[in-house]
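Subject: Handover of a structure

Dear colleague,

Please find below the structure that I am handing over to you. My notes on it follow directly after.

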Amino acid sequence: MKIERIELFPVVLPLKAVLTLPRGASRTLAEGKQNILVKMTGDDGTVGWGEAGPSRRWSSETTYSTYTTIKEYLIPVLIGRDPFDIAGLHQVMNTEIAPSLDAGQPIAKAAIDMAAHDLICKHLGITLQSWLGAKALDRIELSYLVSAPNPEKIAEVVQKGLDEGFKAFKVKVGHNPEIDVENMKAVMEVAQGHTVWPDANQGYDLDQALRMAKAFEAMGIELFEQPIPMTDVYGMKKLLNSTSMNIAIDEAAMGLPYLVELIRREAVEGVVVKVQKVGGIHYARQMCDLVRNAGMKLIGSGLMDAPIGFAAAVHVFAAYGIDYPTDLNGPQHLSDDYLAEPYPMDGQSAMVPEGPGLGITIDEDKVAALKLDLSL
Ligand SMILES: [Mg+2]
């Protein structure tokens, strides 16, 4: 089988709400969620879909960078190649765009990786989870993402999540230590008995993080996501030795070589995996295997994924049996998508779709209606 054609469809999905990171809103309501859809067609006519959904205040890729990288550098070296040779596809992509501490524009490469996986699984008539060779779970429980400026507002947001049936809450912190402590107290009060954890997105320095870890631990919190900058290996090690909480890394776990180095330095004990940030399913499964074999806590997450990226993540996380609530918050934030039929849910758990490949059907008329104009 050969890759005959790869087409790109930039889309913009309307947002219900914005999400605030330490650097500011991850995207504005006016920007919407801008994604580059990849349609890969094999020489037998089978079609696979992938998607790049960068978050410019979270990592260094943008809508334009993913689009031009895929169009100008990746597609030309992929046409005519065997999509079953996923490792080979990554090898030629890495020859064109060099890997760094991450896979080298991993979100752009992830879109190709997802489309190739969807294509080969559809060709074989099997689900992506079957291709991964593990069926630990048939669903993934979603957490509710909480991002609000003060205790009163944050209590309202958490109550809204509870009313919608969520049983786990991830809270964006890393802005202002004093306000963050008051906000977390408010969350813990409203969400009593439920899973709650803070994510600082690298927003604290080491001194602040040490103080925050003490405060969060005293509230009964068990997990603290990416408190300090991803490059502060000394800080990560000192922090995890200072608390009984699991200090999980997210931005620091973009690529396998750096994660291996952190394991060697005993500076990590929990890892957040995202299919897009690591460069696709090929690397996500390697990272999951590494984390599991090293006996560390494995946590699934995403980048406000639209349904293609969302489905890929659910297949991978369910294959690996990730039962800690997962921050795949696309459904919470996106008010429209390009699916022919709604994504299968059971309450606030995302089911592993049963159809071949990613198991979702793209409505190309909807894709056309959501078109994003990227002309400069
Ligand atoms: Mg995170």
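A residue is called buried if 20 or more other C-beta atoms lie within 10 Å of its own, exposed if 12 or fewer do, and partly exposed in between, with the C-beta atoms placed from the backbone. Q105 counts as buried because it has 26 C-beta neighbours inside 10 Å.

Please note that this is a predicted model, in which local features need pLDDT of at least 70 and side-chain atom pairs count only at pLDDT 80 or more, while totals for chains, interfaces and linings use all residues. Residues are numbered from 1 along each chain as its sequence is written.

Overall picture

The protein has 13 helices and 15 strands; helices (H or I, at least four residues) and strands (E, at least two) are DSSP runs, numbered from the N terminus. For 376 residues, a compact globule would have a radius of gyration near 21 Å, and the 20 Å of the protein agrees with this. That radius is taken over C-alpha atoms, and the globule rule is 2.2 Å times the number of residues to the power 0.38. Along the principal axes, the C-alpha atoms fill a box of roughly 60 × 45 × 45 Å. Buried residues account for 51% of the 376 residues.

Two residues are in contact if their C-beta atoms, placed from the backbone, lie within 7 Å. Among contacts between residues at least 6 apart in sequence, 73% join residues at least 24 apart.

Two helix pairs

Two packed helices are described by the angle between their axes and the distance between the axes. Axes are lines fitted to C-alpha atoms, for helices over the stretch in contact, and angles run from 0 to 180 degrees between N-to-C directions.

Helix α1 (residues 63-78) and helix α3 (residues 106-124) have axes that come within 10 Å and cross at roughly 50°. The two helices are therefore oblique to each other: angles under 35 degrees count as roughly parallel, over 145 as roughly antiparallel, 65 to 115 as roughly perpendicular and the rest as oblique. Their crossing is right-handed. The contact is made by T66, T69, I70, L74 and L78 of α1 together with I107, A108, A111 and I112 of α3. By class, these residues are seven nonpolar, two polar and no charged. Here Ala, Val, Leu, Ile, Met, Phe, Trp, Tyr, Cys and Pro count as nonpolar, Asp, Glu, Lys and Arg as charged, and the others, Gly among them, as polar.

Helix α5 (residues 151-163) packs against helix α6 (residues 177-190) at an angle of about 35°, with the axes 9 Å apart. This crossing is also right-handed, a term used if the near helix is turned clockwise from the far one by less than a right angle, and left-handed if anticlockwise. On the α5 side are P151, I154, A155, V158 and Q159, which meet E182, N183, A186, V187 and V190 in α6. The contact has seven nonpolar, two polar and one charged residues.

Individual residues

Most residues other than glycine have a negative phi. Q105, in the loop between α2 (86-96) and α3, has a positive phi of about 50° although it is not a glycine. E266 also has a positive phi, near 55°, and is found in the loop between α9 (256-264) and β12 (270-273). With 11 C-beta neighbours inside 10 Å, E266 counts as exposed.

A colleague
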